[in-house]
Amino acid sequence: MSRYFEYRHVVGFEETNLVGNVYYVNYLRWQGRCRELFLKERAPQVIEELRADLKLFTLRVDCEFFAELTAFDELSVRMRLVDLAQTQVEFGFDYVRLDGSGTETLVARGMQRVACMRGPNTRTAPTRVPDALAQALVPFTQAGLS
């Protein structure tokens, strides 16, 4: 069983800059998209909580680039759990270019730290990571994390 949640994507022209490579902000967008699809597929109860009063605040995000992507490159964004604390979750992301012949190239690596909050927008307070989210993340735990 794979220890990551995968979001597959084909790069479009609108995601590239004038030089023809992918504009850096798109890597961060793909992190968010991967996280959203994870919730939709693996923890739909959390989406219901988000519709109520749960909020997921992104505290920190980064991405380190190793190679360029261009239009029509096929990409696998692979999310895994790096850290699960009482009120926060840290995700790791590998961006892997797929060439169709089975060759994979790691083109970037990123992370995202998220805090769980509840309450009205003017008075949000930290809250425990929902059980449904914690349980959904178990299969995607980074090796060595317990």
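Leu28 is partly exposed, because its relative accessibility is 30%. Leu28 sits in helix α1. Helices (H or I, at least four residues) and strands (E, at least two) are DSSP runs, numbered from the N terminus.

This is a predicted model: local features need pLDDT of at least 70, side-chain atom pairs count only at pLDDT 80 or more, and totals for chains, interfaces and linings use all residues. Residues are numbered from 1 along each chain as its sequence is written, and side-chain values use heavy atoms, with hydrogens and water left out.

Leu28 also belongs to a nonpolar surface patch of about 520 Å². Patch residues have over 30% relative accessible area and no salt bridge; like charges are joined within 9 Å, and nonpolar side chains (Val, Leu, Ile, Met, Phe, Trp, Tyr) within 5 Å. Areas come from the Shrake-Rupley method with a 1.4 Å probe; for residues, only the protein chains shown count as cover.

## Helix α1

Helix α1 has 18 residues. From its first C-alpha to its last, α1 reaches 26 Å, close to the 26 Å expected at 1.5 Å a residue. The expected span is 1.5 Å times one less than the number of residues.

Part of α1 is hidden. Its buried residues include Asn26, Tyr27, Trp30, Cys34 and Phe38.

## Aromatic pairs

The structure holds nine aromatic pairs. Rings of Phe, Tyr and Trp (its six-membered ring) pair if their centres lie within 6.5 Å; planes under 30 degrees apart count as stacked, over 60 as edge-to-face and the rest as tilted. Phe5 and Phe38 make an edge-to-face pair, at 5.4 Å centre to centre and 80 degrees between the planes. This pair links distant parts of the chain: Phe5 is in strand β1 (residues 5-10), Phe38 is in helix α1 (residues 25-42), and they are 33 residues apart. Both Phe5 and Phe38 are buried.

Phe91 and Phe93 form a tilted pair, at 6.4 Å centre to centre and 50 degrees between the planes. Phe91 is buried at 3% relative accessible area. Phe93 is buried at 0%. Ring pairs also join Tyr27, Trp30, Phe65 and Tyr95 into a cluster.

## Salt bridges

A search of the whole structure finds 14 salt bridges. A salt bridge is a side-chain nitrogen of Lys or Arg within 4 Å of a carboxyl oxygen of Asp or Glu. Glu48 and Arg51 meet in one of them, at 2.6 Å from N to O. Glu48 and Arg51 are separated by about one helical turn, because they are three residues apart in helix α2 (residues 44-52). Glu48 is partly exposed at 48% relative accessibility, and Arg51 is exposed at 62%.

Arg118 bridges to Asp53, with the closest N and O atoms 2.8 Å apart. Arg118 is in strand β5 (residues 104-118) and Asp53 is in the loop between α2 and β2, so the pair ties together parts that are 65 residues apart in sequence. Arg113 bridges to Asp83, with the closest N and O atoms 3.0 Å apart. This pair ties strand β5 to strand β3, across 30 residues of sequence. Arg113 is buried at 13% relative accessible area, while Asp83 is partly exposed at 26%. Glu6, Arg8, Arg78 and Glu104 are linked in a salt-bridge network.

## Cysteines

How many disulfides are there? The count comes to zero, where a disulfide is a pair of cysteine sulfur atoms within 2.5 Å. For Cys63, the nearest cysteine sulfur is that of Cys34, 12 Å away. Cys63 is buried at 18% relative accessibility. For Cys116, the nearest cysteine sulfur is again that of Cys34, 17 Å away. Cys116 is buried at 1%.

Most residues other than glycine have a negative phi. Phe72 is not a glycine, yet has a positive phi of about 75 degrees. Phe72 lies in the loop between β2 (54-65) and β3 (74-84). Phe72 is exposed, at 54% relative accessibility.

Key: Buried < 20%, exposed > 50% of the residue type's maximum accessible area, 1.4 Å probe, protein only.
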